[in-house]
Amino acid sequence: MTDPDLYDFIVVSNRLPVDRVVDPDGTESWRRSPGGLVTALEPVMRASDGAWIGWAGAPDIDVEPFTADEIALVPVRLTALEIERYYEGFSNDTLWPLYHDVIAPPSFHREWWDSYVEVNQRFADASARVAAPGATVWVQDYQLQLVPKMLREQRPDLTIGFFNHIPFPPYGIYAQLPWRKQVIEGLLGADVIGFQRVADAGNFSRAVRRLYGYATKAPEIRVPDGEGGSRTVVAKAFPISIDVEGFEEIARRPEVQARAQQIRDELGNPSTIMLGVDRLDYTKGIRHRLKAFGELLRDGELRAGETVLVQVASPSRERVEAYMQLRDEIELTVGRLNGDYATISQPAISYLHHGYPREEMVALYLAADVMLVTALRDGMNLVAKEYVACRHDEGGALVLSEFAGAADELKNALLVNPHDIDGLKEAMLQAARMSSRERTTRMRALRRRVRENDVSRWSQSFIDAMRHAGSRG
Ligand code: G6P
């Protein structure tokens, strides 16, 4: 460490990788949140004297920097109004729907944009304050797209990376954004800009050409430096992954396998358990999945009692209108389907509006014969990879939307267009009826693919790209 408060490697994300827990007696503590990003970056953070900058997840709380699990955490304060405008508003009601192919209509409000600029500046200032000379700063995701430029302006000595966890839309859609030029300019402050898919990197480069006319030759973009010269920005795909070994290790634990059996027993030992695991978000195609499942029950192709759909929908962004509406629609549909098809002892759909610990998720993956990932648009979808990582028995069938980034890698899944309800129904039946031989062949190939690119490889390749950029400059 160069100085007690300066760090050589900094990750900046909207949320800190910890959740604040307040006990009934009022004492506060922090619990590590289970995200894959922390798992991936933990070793790097420890080895290279790292710090994590982010919001502590609640309004108006002032928390001094602290250390949790040997990682230095630097909280950024957000007011209740900023949470409304920057987080719920601009991030999750403007950018989120816009970047996911306008599945829901994006709202454009100038006060939201102003708040986004202000909050991004605060994150950039916090990063500039704690970065050691020549440090590497890695900014995460769509909530912080202006940080790279803001940070470069203050600290040209830094190497800056940005990774976009969600899709980057085609120009025709991106162009709707009233602040489309400012966002591109913000991102171009980075040395390396990472995307989930090759197509996302292509969409970004096209937007740069259309809006700024800069020369691009994949993966490089020449950005004028304002002094007659230029800098090179690398924009390319780095598909994110999961801690494959970690998931497999949990899946091999006897108590987790016993729990999987218990889940099957409690569901009445149906011949087929189908499973959906999503944040309750309109991008995930939960409605399409329910529609297809309902029609299969109606047509008698599937029978309640023999088949059950377990749908875990974890609560998300509950104060944003589109999410409230979606919850109502889904719960209405689930209620109707259960009313029509469940028996006293067996539901047609077991619907769970909760988040669960990782062990319980793994038990569910092991219990499920068919995993349904039917996103209408998804940056990657790590659930698909988690399911594959857990199935060391080489059982289970994965139905995967071609609109999830994961489809670029997981070609041996049953790939579907979730808008095509008949096609989706066919794939669900095919998965339910698949011979164990075909399941094994497909799962073996999927597992090979997931093992080849785990999350540490992902972070390593991104960090290597940043180091390379740093040494060039
Ligand atoms: C997506 C985004 C993340 C975000 C997560 C949960 O995966 O890419 O940046 O943290 O959703 O959403 P939330 O709004 O609760 O942070």
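Residues are numbered from 1 along each chain as its sequence is written. In this predicted model, local features need pLDDT of at least 70 and side-chain atom pairs count only at pLDDT 80 or more, while totals for chains, interfaces and linings use all residues, and side-chain values use heavy atoms, with hydrogens and water left out.

The protein is divided into domain 1 (7–240 + 456–472) and domain 2 (244–452), with bounds that come from an automatic or database domain assignment. The centres of domain 1 and domain 2, taken over C-alpha atoms, are separated by 30 Å, and their contact (heavy atoms within 4.5 Å) takes 22 residues from domain 1 and 20 residues from domain 2.

Helices are DSSP runs (H or I, at least four residues) numbered from the N terminus. The axes of helix 2 (residues 80–99) and helix 3 (residues 110–130) come within 8 Å and cross at roughly 110°, where axes are lines fitted to C-alpha atoms over the stretch in contact and angles run from 0 to 180 degrees between N-to-C directions. Helix 2 and helix 3 are therefore roughly perpendicular to each other, a term that covers angles of 65 to 115 degrees. Among the residues that meet, helix 2 contributes Y86, F90 and L95, and helix 3 contributes W112, W113 and F123. By class, this contact of helix 2 with helix 3 has 8 nonpolar, 5 polar and 6 charged residues, with Ala, Val, Leu, Ile, Met, Phe, Trp, Tyr, Cys and Pro counted as nonpolar, Asp, Glu, Lys and Arg as charged, and the others, Gly among them, as polar.

A nonpolar core is a set of buried Ala, Val, Leu, Ile, Met, Phe, Trp, Tyr and Cys residues joined through side-chain atoms within 4.5 Å, buried meaning under 20% relative accessible area with a 1.4 Å probe and protein chains only. The largest such core has 102 residues, and those with the most contacts inside it are F123, Y174, L188, I193 and F204. Helix 3 gives the most to this core, with 9 residues, and the core draws at least three residues from each of domain 1 and domain 2. Apart from it lies another core, of 69 residues, among them L37, F247, M361 and L446.

I463 is placed in helix 16 (residues 455–472) and, at 1% relative accessibility, counts as buried. Leaving aside neighbours within four places in sequence, I463 is in contact with F9, V44 and W138.

Technical notes:
Helix = DSSP H or I, 4+ residues; strand = E, 2+ residues; numbered from the N terminus. Parallel < 35°, antiparallel > 145°, perpendicular 65-115°, else oblique. Buried < 20%, exposed > 50% of the residue type's maximum accessible area, 1.4 Å probe, protein only.
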